[in-house]
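Colleague: I would like to learn how to read a model like this one. Please take me through it feature by feature.

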Amino acid sequence: MKPQSQSLLLIFLEEAKDLADAIATLTQQWHSDLQKKDSLVEIKRNLHTLKGGSRMVNQTELSTLAHELESLCETILIDENEKNNRNYYDLFCQGQDQMVTIIDALCAGPPVEKIEKKHNDSPNDLMRVRADLLEKLNELSIENNIMRLNLSHHVARFNAQVLEMIHITKSLQEKMRLIPKDADFRITSEIMSLINLCKGLTQLHVNIEGLLSLQSRVELELQDRLVDTRMIPFSHILPRLAHIARQVAAELNKKIDFTVAQAEGEIDRNLLEHMIPSLEHLLRNAIDHGIETPIVRSQLKKPELGKIEVRFFRQGNEACIAMSDDGAGLNLEAIRKKALTLGLISENAHLSEESISRFIFEPGFSTREVVNQISGRGLGMDIVNTVVKGFGGNISIESKKSLGTKFTIRLPFTTSMNRALLVMVQEQTYGILLSHVERVVLLNVKQIKESLNQASPFFYFENKEYHLRYLGSILGLREKPIFFGQKETLPILLFDFADYKAALLVDSLSGSQEVVVQTLGPQFKLIDAFGGATLLADGRVVLILDVYSMMMKGVNKSIEDAPVKSLERPVPMIMVVDDSITVRTVTKNFLERYRYKVVTAKDGVEALEKVQQLKPDLMLLDLEMPRADGFEVAEKLRDTPEFSKIPIIMITFCVGDKQRAKAKELQIDCFIKKPYQEPELLDIIQNLLEKNKGS
Amino acid sequence: MNAFETLLDLEKNCKAHAVNLPRQIISERNGFGISFKASGFHFVCAMDQVSEVLKWPSFTELPSSRSWFRGAANLRGRLLPISDLQGFVSGIPHQAGMNSRVLVIPFKSYLYGFAVEQVLGIEHFFKDEKKSATEIPDIGAYLPYAKEAFEHAEQPWILFDFEAVFANPNFYHVLSSRMELGH
């Protein structure tokens, strides 16, 4: 083909696609009320334009078809016999399908995206941009975001250091006051200089934070605009789905009525394209497995046409696609049997209907005896689930026997940036995407204890019933939370997934922050519960939990608790008590490397509380602490018969004779000067633990 | 003599008294790699398999993971999962010591960290030092990962094949059986 006609063809195909889409939308409009034929006038006009255009580029097949359809429209418009409308509609759709097939076949070559200006300044104000270029821009913007986050992490660390510096300088200043007056004044003036430096640094920090915050606003807007360029209306996918619905129904001799209840809103084009195969699969399943044959339907006194309904809508931060049918519903008995055969559950497992239905997402799961070309190959549903999860979304099922089934897919709106709520469980921080959290409530400890004592705990809030579980127990860390004397309430996170309402109990909340979720890699592909990981301001890695999968699979697996075979000896627990967060963090990291379990406390009072519940094997105590210093803690411990034998290592700056004497009196096993040497401390710990094991 | 002739003379003298380089036994080199220790054995792995060697970073543990999976660390903004090489291969966990290091191995656009007892340096091997891996006493669990073996400097050395680790499906089951939340 001559280059000129090639580009002409491309231009025509753009127009043809638009016309085909418009015709499809208008056809749907007509479908909603077959008697009202206004849309047909518009359709006829579009067909006429299409005919003209296709003749210009010598596409005779297409132009002939357009002509035939135009004539058909005229016939329909004239015919007043309402009984024929349904047949006309079917016939028209067949022609329309063929038209779409031809246009699709002609479209080859790199896809071109249009950037459309919103709010229609002028419909011709469009630009063609290569899709891969837009993709690259988006990637760059995300990278920029990550770099800004990194920068702000460093700034936060910088600030933490400055704060500590101020703390130490003040403490130094205090000590200076105790020295006799004729001390060297140069020291005092140097301390003053230090303090001024700190003030300067603090001011710098404030400035930097301000600049970062400004940059963040610009960055967010850039991202939003870039995301906008990739948005297309949900309704774009409808013609295709309708086309498939008709095809499949014809092949299987099922009579269906495909309707779109709602199609407002837009979605990222990339996301929608990736979802198309999954939606197609759900549609095929609905027609094949869901809708019964006409004979069966009439026996059940159901309407002749099986109803398949699709809804697209936005809910908060998520784009939702719901597909429902009024067919037979999932065959829960067959699913249960299959799960049993595959060894996924035990014989007498008690599972809710929701849990049973989720087995269809297991690979290789198909309860159909005959695997036909359409579905039943058992490969589809697990891939749909994987794809949806891959985008950070989830899919839920509602099914009622002989009433029908509804699948709801929820996808996060923006693909990478999200806000996560940080929660603490057993001294570890985990992240949960805020977009999934319905609400956070504080519940008092007494009520929590009562609820947890029941066999199947529930939490009731605003007329809704939530399954209550402790996060520590789901993660296999600890059955119930530790209730510290002082705390009166504990936080509970509420989640409303369409088919399951969950209340998640955690130890404490740790704020929230913008996170970039990174994937954990192939080793985690099989784990549903962790939706990735992110980095905190201090560089720590925090796992992001996929609460939906965790709660659902957790429920599934609660029966299959085979005891864990451990090759190792039980891990010794060390408690590190120090008022400096730096010291606590560094010591904890260092000890964890050597496979010790570490718990921390920031002062004497907290230490004593935690000792009661946690019963550590060894204590590392700082001496100077607010509220209760190291000696007080040691004294209390030695007085309690249960803890009198715990090995205590005291680590401190001042190791004067008076302190040593007191330490000996309190039977403190070891007294080390800060800063300690790692190998030395390790040796001491090992020796003390060995010695204690013997006693 | 002028200055130039003096220099020429000097050069002649030097060359006359120079000691020749000893004749090298040019045995064919078999290659070289990064050497490390694990389970008491000496290993070497190809240079291009390792992208860097780290001192133990701080890492976050994964709840209910198998004992050989230590956790995830932050490597300049990227996630690095850290596995205990000895623990994974032999089932006996490695007690971290002062010399422990983490080898960073890139594979198919992801990074993997492997903790080892000690990293020794770079070692060169000669073709005539090659021997069969099965000859190494007590090689046991490491045999499937031993690409080649050498006898060098009076020590048996094993050429460790990380690809064999990545090909082992067990490497991708990091949760303990009780908590296999996906499968």
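Colleague: Is A:N58 buried or exposed, and why?

Modeller: Buried means under 20% relative accessible area, exposed over 50%, and partly exposed in between (1.4 Å probe, protein chains only). A:N58 has 65% relative accessibility, so A:N58 counts as exposed. Its place is the loop between α2 (38-56) and α3 (60-78) of chain A. Its phi is positive, about 60°, although A:N58 is not a glycine.

Colleague: What should I know about the model and its numbering?

Modeller: This is a predicted model: local features need pLDDT of at least 70, side-chain atom pairs count only at pLDDT 80 or more, and totals for chains, interfaces and linings use all residues. Residues are numbered from 1 along each chain as its sequence is written, chains are lettered from A and ligands numbered from 1 in the order in which they are written, and side-chain values use heavy atoms, leaving out hydrogens and water.

Colleague: Where does A:E427 lie?

Modeller: A:E427 lies in the loop between β10 (417-425) and β11 (428-433) of chain A. Helices (H or I, at least four residues) and strands (E, at least two) are DSSP runs, numbered from the N terminus. Phi of A:E427 is positive, near 65°, in a residue other than glycine. Its relative accessible area is 22%, so A:E427 is partly exposed.

Colleague: How many residues of strand β15 of chain A are buried?

Modeller: First, the general idea. In a regular strand the side chains alternate between the two faces of the sheet. In β15(A), residues 489-497, seven of the nine residues are buried.

Colleague: In what order do the strands of the open sheet of five run?

Modeller: The order is β21-β20-β22-β23-β24 in chain A, with parallel pairing. β21 (597-601) and β24 (670-673) of chain A stand at the edges; each has a single partner strand, so one side of each lacks a neighbour in the sheet. From one strand to the next, the twist averages 20°. β20(A), residues 573-577, is joined to β21(A) by five bridges. One bridge pairs A:M573 with A:K597.

Colleague: Why does the length of helix α16 of chain A agree with what it should span?

Modeller: The expected span is 1.5 Å times one less than the number of residues. The 13 residues of α16(A), 581-593, should span 18 Å, and the end C-alpha atoms are 18 Å apart, which agrees. Buried residues in α16(A) include A:R584, A:F590 and A:L591. Just after α16(A), A:R595 takes a positive phi of about 65°.

Colleague: Where is confidence lowest in chain A?

Modeller: pLDDT is the predictor's confidence in each residue, from 0 to 100. Where pLDDT is low, the predicted coordinates should not be read in detail. Chain A averages 80, and 87% of the residues score at least 70. Confidence is lowest in β1(A), residues 112-116, at a mean of 49, and highest in β20(A), at 92. Over residues 555-569 of chain A the pLDDT is below 50.

Technical notes:
Two strands pair if DSSP finds at least two bridges between them. Axes are lines fitted to C-alpha atoms, for helices over the stretch in contact, and angles run from 0 to 180 degrees between N-to-C directions. Contact means heavy atoms within 4.5 Å.
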